[in-house]
Amino acid sequence: SPSMPTYTQEEVTKHCSIEKGVWVTYKGSVYDITEFVSLHPGGNKILLAAGGALEPFWALYAVHRQDHVLDILSEYKVGEL
Ligand code: HEM
């Protein structure tokens, strides 16, 4: 999405709590998932990824390897890394 801003990893890392906002990265894109945290079927485990990459966690929890999970994630995109 060329119209979206580019963020540094440092900026993403600052968003690591509900209070500061919860941002994550996935395949070079940045997502503000703050509003999704309370909706997550896997509960607060989602906060383990706060401020960082989803890949290592989604590699462990294969339940995310489904199109409908990526559809949800795409709704929260705010920019690129
Ligand atoms: C389940 C989305 C991050 C752990 C799910 C499900 C969705 C989802 C839609 C239900 C899938 C299904 O049953 O069809 C997301 C999104 C994430 C995210 C959009 C990031 C933005 C994480 C992280 C972890 C995690 C980082 C672990 C550290 C789990 C677990 C379940 C689950 C354990 C299974 C819950 C159960 O069925 O009892 N997630 N997830 N998720 N998620 Fe996540």
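Here is a short chat about reading the features of this predicted model.

User: Let's start simple. How many helices and strands does the protein chain have?

Analyst: Start by listing the elements. The protein chain has three helices and four strands. From the N terminus, they come in the order α-β-β-β-α-α-β.

User: And in what order do the four strands sit in the sheet?

Analyst: For a sheet, look at who pairs with whom. This one is open, its order is β1-β2-β3-β4, and the pairing is antiparallel. β1 (16-17) and β4 (77-80) are at the edges with a single partner strand each, so one side of each has no neighbour in the sheet. Zoom in on β1 and β2: they pair antiparallel over two bridges, and Cys16 sits opposite Val22 in β2.

User: Which residues make up the largest nonpolar core?

Analyst: The general idea is that in soluble globular proteins, nonpolar side chains tend to be buried together. Here the largest nonpolar core holds nine residues: Val12, Val22, Trp23, Val24, Val30, Tyr31, Ile33, Ala49 and Ala50. β2 (21-26) and β3 are the elements giving two or more residues to this core, and β2 supplies the largest share, three residues. Take Ala49 as an example: setting aside neighbours within four places in sequence, Ala49 is in contact with Val24, Leu54 and Phe57.

User: Is Ser29 buried, exposed or something in between, and why?

Analyst: Count the C-beta atoms around a residue: 20 or more others within 10 Å means buried, and 12 or fewer means exposed. Ser29 has 18 others within 10 Å, so Ser29 is partly exposed. You'll find Ser29 in strand β3 (residues 29-32). Beyond neighbours within four places in sequence, Ser29 is in contact with Lys77, Glu80 and Leu81.

User: What surrounds the ligand?

Analyst: The shell has 19 residues, and the closest are Pro41, Gly42, Lys45, Ala49 and Phe57. By type, the shell splits into 14 nonpolar, four polar and one charged. Helix α3 (residues 67-74) gives the largest share, three residues.

User: Last one: how does the radius of gyration of the protein chain fit with a compact globule?

Analyst: A compact globule of 81 residues would have a radius of gyration near 12 Å, and the protein chain has 12 Å, so the two agree. Along its principal axes, the C-alpha trace spans about 30 × 25 × 20 Å. As for burial, 14% of the 81 residues count as buried.

How values were computed:
Residues are numbered from 1 along each chain as its sequence is written. This is a predicted model: local features need pLDDT of at least 70, side-chain atom pairs count only at pLDDT 80 or more; totals for chains, interfaces and linings use all residues. A residue is near a molecule or strand if its C-beta atom, placed from the backbone, lies within 6 Å of it. Ala, Val, Leu, Ile, Met, Phe, Trp, Tyr, Cys and Pro count as nonpolar, Asp, Glu, Lys and Arg as charged, and the others, Gly among them, as polar. Two residues are in contact if their C-beta atoms, placed from the backbone, lie within 7 Å. A nonpolar core is a set of buried Ala, Val, Leu, Ile, Met, Phe, Trp, Tyr and Cys residues joined through C-beta atoms within 7 Å. Two strands pair if DSSP finds at least two bridges between them. The radius of gyration is taken over C-alpha atoms; the globule rule is 2.2 Å times the number of residues to the power 0.38.
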